[in-house]
Amino acid sequence: MLILGLDPGIGITGYSFIEQNNEKYSLITSGSIQTDKTAPHPKRLLELQLDLDFLIKKYNPDCASIEQLFFFKNQKTIIPVAQARGVILMTLEKNSIPMYEYTPLVVKQTITGHGRADKSLVKTMVKKFIELDQNIKLDDTIDSVALAICHLQNSRFKEEIK
């Protein structure tokens, strides 16, 4: 099974493709879609859509795990992030990719055992699940890996209780 993890944003959208073989997880690729900050907002959304569509066609994931918006501290960024998330959801639907949504609290709880964990603990625990390229520096990319692992862990748990 190949999972696409997505951490949505208008400026930076983190992505990762994680493959599950039995109990082992492998990072196929990861990175970020970064839009031009000087471009008009509609062009940035189009850039996000085109880049994501390219990645989906290239890697053909079985499903996607995406961060769900539930609360935002910065009122200035919530609308652009929500719009970027809408473009992502539309692109996944257009490509018939089943999607699963998780709040940051659920992701942190699944990965670290603590829903209020900080970013450094999430990164440390992600490394326990999967071997990461040491060059991954963006929190958005690490968060996308955590989202993919979160879905795999939750799917596994659901299978075990059937």
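Is Phe17 buried or exposed? Phe17 is buried, because its relative accessibility is 0%; buried means under 20% relative accessible area, exposed over 50%, and partly exposed in between (1.4 Å probe, protein chains only). This is a predicted model, in which local features need pLDDT of at least 70 and side-chain atom pairs count only at pLDDT 80 or more, while totals for chains, interfaces and linings use all residues. Residues are numbered from 1 along each chain as its sequence is written, and side-chain values use heavy atoms, with hydrogens and water left out.

**Fold and overall form**

- The protein chain holds five helices and five strands. Both kinds of element are DSSP runs numbered from the N terminus: helices are H or I with at least four residues, strands are E with at least two.
- Read from the N terminus, the order is β-β-β-α-β-α-β-α-α-α.
- The radius of gyration is 15 Å, close to the 15 Å that the globule rule gives for 162 residues, so the chain is as compact as a globular protein of that length. The radius is taken over C-alpha atoms, and the rule is 2.2 Å times the number of residues to the power 0.38.
- Along the principal axes, the C-alpha atoms fill a box of roughly 45 × 35 × 35 Å.

**Burial, contacts and surface**

- Of the 162 residues in the protein chain, 45% are buried.
- Among contacts with a separation of 6 or more, 61% join residues 24 or more positions apart. Contact means heavy atoms within 4.5 Å.
- The chain exposes about 9,000 Å², and carbon and sulfur atoms supply 53% of that area. Accessible areas come from the Shrake-Rupley method with a 1.4 Å probe; for residues, only the protein chains shown count as cover.
- There are 20 positive and 19 negative side chains, and the centres of the two sets lie 5 Å apart. Lys and Arg count as positive, Asp and Glu as negative; His and the chain ends are not counted. Each charge is placed at NZ of Lys, CZ of Arg, CG of Asp or CD of Glu.

**Aromatic rings**

- The structure holds three aromatic pairs. Rings of Phe, Tyr and Trp (its six-membered ring) pair if their centres lie within 6.5 Å; planes under 30 degrees apart count as stacked, over 60 as edge-to-face and the rest as tilted.
- Tyr15 and Phe17 make an edge-to-face pair, at 6.2 Å centre to centre with 65° between the planes.
- Tyr15 counts as buried, at 12% relative accessibility.
- Ring pairs join Tyr15, Phe17 and Tyr59 into a cluster.

**Strand β2 and Gly14**

- Gly14 sits in strand β2 (residues 12–21). Gly14 is buried, at 0% relative accessibility.
- Beyond its neighbours within four places in sequence, Gly14 contacts Gly5, Leu6, Asp7, Gly31, Ser32, Asp140, Thr141 and Ser144.
- Gly14 and Ile142 are 128 residues apart along the chain, yet their C-alpha atoms are separated by 7.6 Å.

**Positive phi in loops**

- Asn60 lies in the loop between α1 (41–59) and β4 (63–67). Its phi is near 50°, a positive value in a residue other than glycine. Asn60 is exposed, at 56% relative accessibility.
- Ser96 lies in the loop between α2 (75–94) and β5 (99–102). Ser96 is not a glycine, but its phi is positive, about 55°. Ser96 is exposed, with a relative accessible area of 63%.

**Helix α2 and Thr77**

- Thr77 belongs to helix α2. Thr77 is partly exposed, with a relative accessible area of 30%.
- Thr77 and Val145 are 68 residues apart in sequence and 23 Å apart in space, C-alpha to C-alpha.
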